[in-house]
Each structure stands twice: as C-alpha cells, then as structure tokens.
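Please walk through this protein chain one step at a time, keeping the model in view as you read. The paragraphs below begin with a pocket and then turn to the helices and charged side chains around the chain.

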Amino acid sequence: MSSSVVDDGYIRKEDFVFALFRNGNKQNLFADRIFDLFDAKRNGKIDFGEFVRALSIFHPRTPEAEKIACAFRLYDLRNTGYIEHEELEEMVLALLNESDLNLSEDIVKGIVDKTFNEADINGDGRIDLEEWKEYAAKNPSLLKNMTLPYLMDITLAFPSFVMNSETDVSKWQPKNELINTLPVNKQS
C-alpha cells in the first residue's frame with residue numbers, strides 16, 4: 001500500500017482508499033473516517049507504527065470495550081464526544097453507499113430514527129459513550145466488522161515480528177491492553 005502512489009514508506013489517503021475500497025476517486029465519508037482512525041498524527045499519511053496501532057483494534061483478542069470506543073469515535077464525526085442524529089445519518093448513508101445499497105429516504109430515516117431512539121437512553125438528543133456501550137451490548141452485530149479473524153493468524157505465523165517490533169506503544173492512544181502486554185523494544 002505504501003508504494004502504490006509514492007514509494008516513501010507512508011500510506012496516503014489515495015493509497016488507503018484504493019487498496020481497501022478499490023475506488024480512489026469516489027469521495028466516501030466511511031473511507032475518510034477509517035483513514036482518520038489510522039492517521040493518529042493527523043498529517044495526511046500513515047506510518048508503520050500508526051498502521052499497526054490502528055490495525056490492532058481489529059485483532060480478535062482486542063477487548064470489546066476498545067472496539068466499542070473505536071466505533072463510537074467513527075460515528076462522532078465532529079469529535080464532540082457525542083453522536084448526534086445528523087452524524088448517525090451521515091454514517092449510515094456512507095456505509096450503505098460503500099455497500100452499494102440504495103434504500104429509499106424513508107427506509108434510511110426509519111433505520112436512523114430507530115437506532116437513535118434505542119441508543120439515546122436519556123433522551124437528550126445525542127448519544128454519549130455510555131449510551132453507545134449499552135446500545136452495542138444489546139446489538140452485538142454493531143461490532144461484527146470490528147474483528148478481522150485473519151489477524152490472529154498473522155500473530156501466530158509471525159511471532160518474531162510482533163516480539164521484535166520497534167514501535168513505541170506507550171505513545172499510542174487509546175492504550176490497547178493486548179498490545180501493551182506484548183514485549184517490544186522501545187525507541188528513544
């Protein structure tokens with residue numbers, strides 16, 4: 001991925017979108033949010049450490065609480081600490097678009113309204129992280145795409161890679177309990 005546009009060891013948004021979604025020209029909010037998840041430094045490119053950190057959230061052994069928090073951040077488009085009705089609708093539309101599903105406005109509105117009404121427990125017109133956690137607990141399919149089973153195979157097939165990584169995990173936010181238990185050599 002890091003050499004498809006410019007061979008410099010970084011993954012740019014165009015590389016990322018094309019590799020994962022096979023369409024580098026189409027604007028897609030979902031693809032942008034996933035890229036932003038990986039681009040922790042917010043510099044428009046992903047280095048190896050950022051890639052590994054972000055990919056770790058999809059590992060089968062990553063605690064569900066971290067997956068829920070990550071999903072919450074994906075839907076919190078304006079980074080306010082809440083998911084608002086409009087943000088939920090934008091993400092639902094982006095996900096449907098990415099899946100090439102065309103639903104009528106009424107059906108989309110129904111999906112968004114039902115989801116929002118179930119998740120907004122205190123009725124304040126926005127979903128906070130605690131409400132999102134409760135909603136995810138009642139709707140486990142929400143996290144279905146937050147686990148990539150083949151990452152377990154990579155961990156088992158290349159233990160020396162994981163054991164000898166020179167990535168400083170102490171700087172990663174949020175800290176992943178699984179990754180923090182792996183022995184790594186820290187850079188100065």
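**A pocket and its surroundings**

In this predicted model, the lining of the largest pocket draws at least two residues from each of helix 1 (13-21), helix 2 (29-38), helix 3 (48-56), helix 4 (64-75), helix 5 (85-98), helix 6 and helix 7. Helix 5 gives the largest share of that lining, with six residues. The volume of the largest pocket is about 1,000 Å³, and among the 33 residues that line the largest pocket, Phe-30, Tyr-75, Leu-95, Leu-142 and Asn-145 are the closest to its centre. When the lining of the largest pocket is sorted by class, 26 residues are nonpolar, five are polar and two are charged.

The chain holds 10 helices and four strands, and, read from the N terminus, its elements follow the order β-α-α-β-α-α-β-α-α-β-α-α-α-α. The chain has 188 residues, of which 36% count as buried. The unreviewed UniProt entry places the feature "domain: EF-hand" at residues 26-61, 63-98 and 107-142. For residues 63-98, the model has 72% helix and 6% strand, with the end C-alpha atoms 27 Å apart, while residues 107-142 are 64% helix and 6% strand, with end C-alpha atoms that lie 18 Å apart.

Now turn to the charged side chains. How many salt bridges does a search of the whole structure find? The search finds eight salt bridges, and one of them joins Glu-87 to Arg-78, where the closest N and O atoms are 3.3 Å apart. The two partners can be compared by their accessibility: Glu-87 counts as buried because its relative accessibility is 0%, and Arg-78 counts as partly exposed because its relative accessibility is 45%. Both residues also belong to a network of salt bridges that links Arg-78, Glu-87 and Glu-90.

An α-helix has 3.6 residues a turn, so residues three or four places apart point the same way. In helix 6 (residues 105-119), Asp-113 and Lys-109 are four residues apart, which means that about one helical turn separates them, and their side chains meet in a salt bridge with an N to O distance of 2.7 Å. Lys-109 counts as partly exposed because its relative accessibility is 48%. In helix 7 (residues 129-138), Glu-130 and Lys-133 are three residues apart, about one turn of the helix, and their side chains also meet in a salt bridge, here at 3.2 Å from N to O. With a relative accessible area of 49%, Glu-130 is partly exposed, and Lys-133, with a relative accessible area of 31%, is partly exposed as well.

Helix 7 also lets the reader compare two sides of one helix. Which residues of helix 7 are buried? They are Glu-131, Trp-132, Tyr-135 and Ala-136, and because these residues cover an arc of only 135° around the axis, they lie on the same side of helix 7. Ala-137 and Lys-138, by contrast, are exposed on the other side of helix 7.

Technical notes:
Residues numbered from 1 in each chain as written. Predicted model: local features only at pLDDT ≥ 70, side-chain atom pairs only at ≥ 80, totals over all residues. Heavy atoms only, no water. UniProt positions renumbered as here; feature names shortened; annotations may be inferred. Salt bridge = Lys/Arg side-chain N within 4 Å of Asp/Glu carboxyl O. Buried < 20%, exposed > 50% of the residue type's maximum accessible area, 1.4 Å probe, protein only. 1 Å grid on protein atoms, 1.4 Å probe; cavity = no way out; pocket = protein on both sides within 12 Å on 5 of 7 lines; lining within 4 Å. Points joined across faces, edges and corners; volume = space filled by probe spheres on them. Nonpolar A, V, L, I, M, F, W, Y, C, P; charged D, E, K, R; others polar. Arc of directions from axis to C-beta.
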